[in-house]
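Let's take a walk through this model together, one region at a time. Please have the structure open as you read.

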Amino acid sequence: MDRVCGIVGYVGPQQALDVCLEGLRRLEYRGYDSAGVAVVCADGTLRTARRAGELRNLEKLLADSEPLEGTTGMGHTRWATHGGPTDGNAHPHTDCQGVLAVVHNGIIENHVALRAELEAAGHELASATDTEVVAHLLEDAYDPVTGLAAALTVVVNRLEGAFTLLVTHAGEPGLVVGGRRSSPLVIGVGRGETFLGSDVAAFIGHTRDAVELGQDQVVEVRRTGYRVTGFDGLPAETLPFHVDWDLAAAEKGGHDYFMQKEILEQPTAIEDTLRGRLTADGRITLDEERLSDDDLREIDKVFVVGCGSTYHAGLLAKYAIEHWTRIPVEVEMASEFRYRDPVLDRNTLVVAISQSGETADTLEAVRHAKTQKARVLAISNTNGSQIPRESDAVLYTRAGLEVCVASTKCLLAQITATSLLGLALARVLGTKDGEEVAREYDTLEAMPGLVAETLTRMGPVADLARELSPSPTVLFLGRHVGYPVALEGALKLKELAYVHAEGFPAGELKHGPIALIEQGVPVVVVMPSPRSRGVLHQKVLSNIAEVRARGARTIVVAEDGDDAVLPYAEHVIRVPQTPTLYSALVTTVPLQVLAMEFALARGLDVDKPRNLAKSVTVE
Ligand code: F6R
């Protein structure tokens, strides 16, 4: 079962292999356990090539083999769960005759029963994947008179779970058929050529005109265009859109890693997310509002849900939204929220944050909230993706394409967006008037400059990271808004450098974690501002003294002018003075750089950390 894979399909005048390999290069962040292609060749045969490991292994195989020439094809890059990352489990999978091929993203939950049925009927399945059953079901359903799309329509109705499927058939050159349920698929509309992709990055080098496929739809793609039907076989509606970023965004632009590029793009991500949101009467505009002001005035509780870094954006949102609106805010990991029967009703606003808009845990949280009649607002970086589609209102972050698996600029854009949401709610609820909202907005507008200033100071952080890189453990402490930042610093280090890293509220230290401190353990501390949090500042200094007394190496992130930290810190990382509720936008930056440089010093690929993939499209 493969859950976050990248998929590309092509029909047109170019060599399909070249287009598919280019697409896979841009989609590799969705999985890199294996890669494969299928081409309907000029001689009327269907040929496939597959290899375990990164895409370059497949490219080497292809370079050493007879060329796969043909103008219809598809490709796949895999993130494996069940069925190990082997050549044999790599997609595409074919039927018994080898005339049709399938690539798949998602889980076919009833694959065991389907496999038993197929084997009893004499089919021979060669892999340990769930995907292969689709190829054999299609073999049975295929009729050359009604064609491949009709066969796929029959087959998808037999499948349970979440899936995107692409199929090609040797007998139907010039056609790729796709189908989707709860897993993404986008059509790229070119001139005399048509593309399919898990996301627009698959074809951004060729066209920016795209069409988002809806839930339970099948698409036939030919050179001349596309035709979409529902799983019931009837013509269906789709959502065309123009991609507002271009090929340059999908390239490294002179940087060695996407992560470097994306860290540097953070001021622009914040600026673009803020742009044009404030109206003349001090209101904040969202992108899609299917909720009226009267609906919002009924809200008496907010839940923020997300996963990973996005959950940290949620933790930060709590401080701002509660402070400005005086409405209680609960924050929960989407995977936990969904299954514990949270108390929700029509007066609850569930804020679902997801960069990709695809994360299955968050999508399921949204669906659960809707069954409980709660109102749902999505914050997402991906136009038209599933989570925004199923929500009552949407606020898009405008961070542009994020390729590095570890989130950086999208997180900062999410923090910005939750601030905007807090202000929008405060204005509607009357806890802030237009002038106050406009003043906060002005302060937010200064943040890109402060983040840019922070980025100019990262040279010493890189040196420090290299020095610390042999350490097997790094701890992160913070209080108030510094606590989610500490969690984020630890997550980044874990996922990029594969070292043990944990974030704690500094005040919790004495209740257990201090036992982890031993001679030389690096402890990174995110200081509160002495200007606005004098008491907390003093308390965190005491926490630093406690770990130092036990041998820790203390690295302190402190704002300019905070000289009280000097006697407590072995290293001070300076950030510009920033209002408390926005300070995470600057304090997160050195922790991102620390993790990246730490991992690079260990010789690791920061864009593609092991075992991970960018969007996790099943639970
Ligand atoms: C960590 C990271 C992940 C994502 C998480 C949610 O660097 O990138 O923790 O934040 O998988 O993804 P989205 O926001 O797409 O729902």
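In what order do the five strands of the open sheet run? The order is 22-21-23-24-25, and the pairing is parallel. On average, neighbouring strands here are turned by 20° against each other, direction ignored.

Before going on, a word on the basis: this is a predicted model, in which local features need pLDDT of at least 70 and side-chain atom pairs count only at pLDDT 80 or more, while totals for chains, interfaces and linings use all residues. Residues are numbered from 1 along each chain as its sequence is written, and side-chain values use heavy atoms, with hydrogens and water left out.

Back in the sheet, strand 21 (residues 473-478) joins strand 23 (residues 522-526) through four bridges in the parallel sense, and Phe476 sits opposite Val524 of strand 23. Helix 17 (residues 482-497) lies across strands 21, 22 and 23, at about 175° to strand 22. Helix 18 (residues 534-549) also packs on the sheet, where it touches strand 23 and strand 24 (553-559) and makes about 165° with the direction of strand 24. (Contact means heavy atoms within 4.5 Å; axes are lines fitted to C-alpha atoms, for helices over the stretch in contact, and angles run from 0 to 180 degrees between N-to-C directions.)

Now turn to strand 18 (residues 348-354), where seven of seven residues are buried (under 20% relative accessible area with a 1.4 Å probe, protein chains only; exposed is over 50%, partly exposed in between). In a regular strand the side chains alternate between the two faces of the sheet. Here Thr348, Val350, Ala352 and Ser354 are buried on one side, and Leu349, Val351 and Ile353 on the other. Val302 stands opposite Leu349, while Ala378 is the bridge partner of Ala352.

Finally, visit helix 1 (residues 16-27), where nine of the twelve residues are buried, including Leu17, Leu21 and Leu24. Its buried residues pack against several elements, among them strand 1 (6-11) and helix 2 (55-63).

Note on methods:
Pairing = 2+ DSSP bridges. Helix = DSSP H or I, 4+ residues; strand = E, 2+ residues; numbered from the N terminus.
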